[in-house]
Amino acid sequence: MTFVIRPETPEDHAAIDAVHRGAFGGAAEAELVGTLRRNGDIVLSLVADADEIVGHVAFSRLALSHSPARASALAPLAVVKERQRRGIGSSLVREGLNRLAGSGEDLVLVLGDPAYYGRFGFTTEHAAGLQTPYDGSYLQALALTDEGRRARGPVRYARPFAEL
Ligand SMILES: CC(C)(COP(=O)(O)OP(=O)(O)OC[C@H]1O[C@@H](n2cnc3c(N)ncnc32)[C@H](O)[C@@H]1OP(=O)(O)O)[C@@H](O)C(=O)NCCC(=O)NCCS
């Protein structure tokens, strides 16, 4: 199977919704994407396109009050069940991180399994200097720049996360 990773277009919205509903088995993540999009919180939204949409990742704006770092949250990430474990999720994350680095972003946070996100360079250690509503062993951070490495202090997520 071949696929390309590319930015979402309006024609992809329904397929993205279906990817999250199928992969997570509920509506919460699909609704989160829709609300983040409507509110203008999305920094980057990528799809995996294999003639149909088989995966999606969103990065949304984070507000840091004690740092000038430009930061985003990776969430949600999903790949359709039948296409998992073929590198699609990893490609979405890697392409996202490359694009964010290229556009001058400093820091990315993710809440998830360190066994999965560690392979991309996310660490719980770096997240330890940040205060978020999700502090704990699943919160990980990846600095893309020195500004990102210096980032400390309170972090505010886009409002739709509070409704999850
Ligand atoms: C997590 C997810 C996006 C990974 O996508 P994918 O295309 O299957 O991932 P890849 O093929 O790039 O990577 C597969 C690797 O990740 C591992 N992996 C997959 N899901 C994992 C998880 N939840 N925790 C730890 N490792 C995981 C696999 O064991 C595999 O490891 P290996 O390469 O050492 O064998 C996909 O499984 C999914 O959509 N899951 C349901 C939704 C979800 O949980 N999203 C993440 C929320 S934080």
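Where does the ligand sit? In this predicted model, local features need pLDDT of at least 70 and side-chain atom pairs count only at pLDDT 80 or more, while totals for chains, interfaces and linings use all residues. Residues are numbered from 1 along each chain as its sequence is written, and side-chain values use heavy atoms, with hydrogens and water left out.

The ligand sits in the largest pocket. Here a pocket is an open set of points on a 1 Å grid over the protein atoms alone, where a 1.4 Å probe fits, with protein on both sides within 12 Å along at least five of seven lines; a molecule sits in it if more than half of its atoms lie within 2 Å of its grid points. Helices (H or I, at least four residues) and strands (E, at least two) are DSSP runs, numbered from the N terminus.

A backbone N or O atom lies 2.8 Å from a ligand oxygen atom in Val79, 2.7 Å in Arg85 and 2.7 Å in Gly87. Of the 880 Å² of accessible area that the ligand has on its own, the protein covers 66% (Shrake-Rupley method, 1.4 Å probe).

As for the protein chain, six helices and eight strands are present, in the order β-α-α-β-β-β-α-β-α-α-β-β-α-β along the sequence.

Definitions and conventions:
Polar contact = N/O pair within 3.5 Å; in protein donor to acceptor, adjacent residues only side chain to side chain. 1 Å grid on protein atoms, 1.4 Å probe; cavity = no way out; pocket = protein on both sides within 12 Å on 5 of 7 lines; lining within 4 Å.
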